[in-house]
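Subject: Structure handover

Hello,

Here is the structure for you to look at. My notes follow below it.

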Amino acid sequence: MSGKNDFQDIMEREKGLHRGLTTRQLAMIAIGGAIGTGLFLGSGMAIGFAGPSVIVSYLIGAVIALLLMGCLAEMTIAHPTTGSFGAHAERYINPWAGFAVRYAYWFSLVCAIGTEVSAMSVYMKYWFPDVPGLVWIAIFSAVLIYVNATSVNLFGSVEYWFSMIKVAAIILFIVFGAFVVFGSSNPEIGAQNFTNNGGFFPNGLWGMWIAIFISLFSYLSIEMIAVSAGEAKEPEKAVPMALKSAVVRLVLFYIITLALMLMVVPWKSAGGDASPFVKVFEIMNIPGAAGIMNFVVLTAALSAMNSQLYISTRMVFSLSRAGFAPAKLGELSKKGVPVKALALSTIGIAIASYINIVAPDKSFVVMISLSSFGAMFAWFMVFVTHLFFRRKWEAMGGRRLPVRMIGYPYMTIFGAVLLAAVVLSTWFQPEFKDTLTMGFPLLLLITIAYFIWKKANPAAYEASAKQSSNNKDLTS
């Protein structure tokens, strides 16, 4: 029995979406996916915790992200469906896993959409200080909702150019940074900044360790390649290419960028509230540096929101087609877009608008905590699902896949344990404790909702549970 045939019912129920994303678009989306405010702004917070050892923090974060990509790529090539890791969890573990992963991840994205659109209103104050933030929330939301509601081709084109701008900004930074570091005679610039001001680990190993959590924020969105594959023209060609590009971006764009940044700006100066990128441009005496960076960070936020609207819409669509959400949310427009699922996913924009009026500071932290837990839970479940997937795929006589996770099962287990250790560590860091204190109750609510759904929809539950049971029988 072929693994693909066993998954065929999920592929069939999610039919209708147009495979309009080209390999070029998918590869660029993958490159740009993890280049956002996490790098441009979050890196400053990470440097504040870890000092120069933030390079180690981002390397460890990159290891987790790359192991995740290995697991995702293998499962996505086997089953290039929009439900992606949620559908994989449903089929290879059990219905609860598919339900919980998709709803937790969707809720995470909804919160993230709200934080991004709120951030855009702040960035626009640089040029238009007297215009109310709600005006920019309305304008940017309308534009990106239109992009996502029109067609997947338009989404792919817009996201391609957003990613191009971000990639170009990073490459220019690396070029200018290297010129300053290796062409300057300034004694305050150079590798000595790695050990000045308290050494390479100024805040000890704990500072380096907790900064890994911030690095994971930066790498979030790389998983969108798996969701996008459901609408790719050639997923078997595009996914391996995107995986290779992920290796390049994680090592080149993050590690080299941070290393150059720390050689130019002493870590105590880089770890402030402002973006360390702006400080580097100021040292380089580039005219209009703050305006240039504001444009780049605004583009990053627009790109992030565009991607989050796309992925959250596809998660709702997949939940609906699985019977986990109302059937109307699985309906498609003439151009193959689940517009009703898109409308539901814009709830994050409404929340952001409310926050903008009432209590932006406190609510922003709450939404970030909820957002991060849902995404990290989805990442963890990708590793768990892969353990089930490989064993069952081979037992079902599935074809040999062009991409396989190295070191299975040990590297899959290692990735899961390392991720769990980093996330659970937030309990001991006051700034991030809300991730767990708010995240676990959210997971409990989702689980309660699952059992309510199970009781109300016995036929849908039996169909889903039977398929998971069939998989288990094959490996017994």
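This is a predicted model: local features need pLDDT of at least 70, side-chain atom pairs count only at pLDDT 80 or more, and totals for chains, interfaces and linings use all residues. Residues are numbered from 1 along each chain as its sequence is written, and side-chain values use heavy atoms, with hydrogens and water left out.

Overall fold

The chain has 22 helices and zero strands. Both are DSSP runs, numbered from the N terminus: helices are H or I with at least four residues, strands are E with at least two. Buried residues make up 59% of the 476 residues. Buried means under 20% relative accessible area, exposed means over 50%, and partly exposed is in between (1.4 Å probe, protein chains only). Of the contacts with a separation of 6 or more, 84% are between residues 24 or more positions apart. A contact means heavy atoms within 4.5 Å.

The largest nonpolar core has 154 residues. Such a core is a set of buried Ala, Val, Leu, Ile, Met, Phe, Trp, Tyr and Cys residues joined through side-chain atoms within 4.5 Å. Phe40, Phe85 and Trp379 have the most contacts inside it. Leaving out residues up to four places away in sequence, Phe85 touches Leu72, Val101, Tyr105, Glu223, Val227, Met315, Ala378 and Val382.

Helix α6 covers residues 54–78. It reaches 36 Å from first C-alpha to last, close to the 36 Å expected. The expected span is 1.5 Å times one less than the number of residues. Of the 25 residues in α6, 20 are buried.

Arginine 314

Where is Arg314, buried or exposed? Arg314 is buried, because its relative accessible area is 2%. It is found in helix α16 (residues 289–321). Its contacts, not counting residues up to four places away in sequence, are Thr82, Val152, Val227, Glu231 and Pro338.

Aromatic residues

There are 24 aromatic pairs. Rings of Phe, Tyr and Trp (its six-membered ring) pair if their centres lie within 6.5 Å; planes under 30 degrees apart count as stacked, over 60 as edge-to-face and the rest as tilted. Phe324 is buried at 4% relative accessibility, and Trp453 is buried at 7%.

Two charges sit over rings. The charged end of Arg390 is over the ring of Tyr408, 4.5 Å from its centre. Lys433 lies over the face of Trp427, at 4.3 Å from the ring centre. The test is NZ of Lys or CZ of Arg within 6 Å of the ring centre and within 35 degrees of the ring normal.

Backbone and cysteines

Tyr408 is also joined to Pro409 by a cis peptide bond, with omega about 0 degrees. Pro409 is in the loop between α19 (360–395) and α20 (410–425). Asn197 has a positive phi of about 60 degrees although it is not a glycine. It lies in the loop between α10 (152–183) and α11 (204–219), and is partly exposed at 40% relative accessibility.

How many disulfides are there? The structure holds zero, a disulfide being a pair of cysteine sulfur atoms within 2.5 Å. Cys71 is buried at 0% relative accessibility, and Cys111 is buried at 3%.

Best wishes
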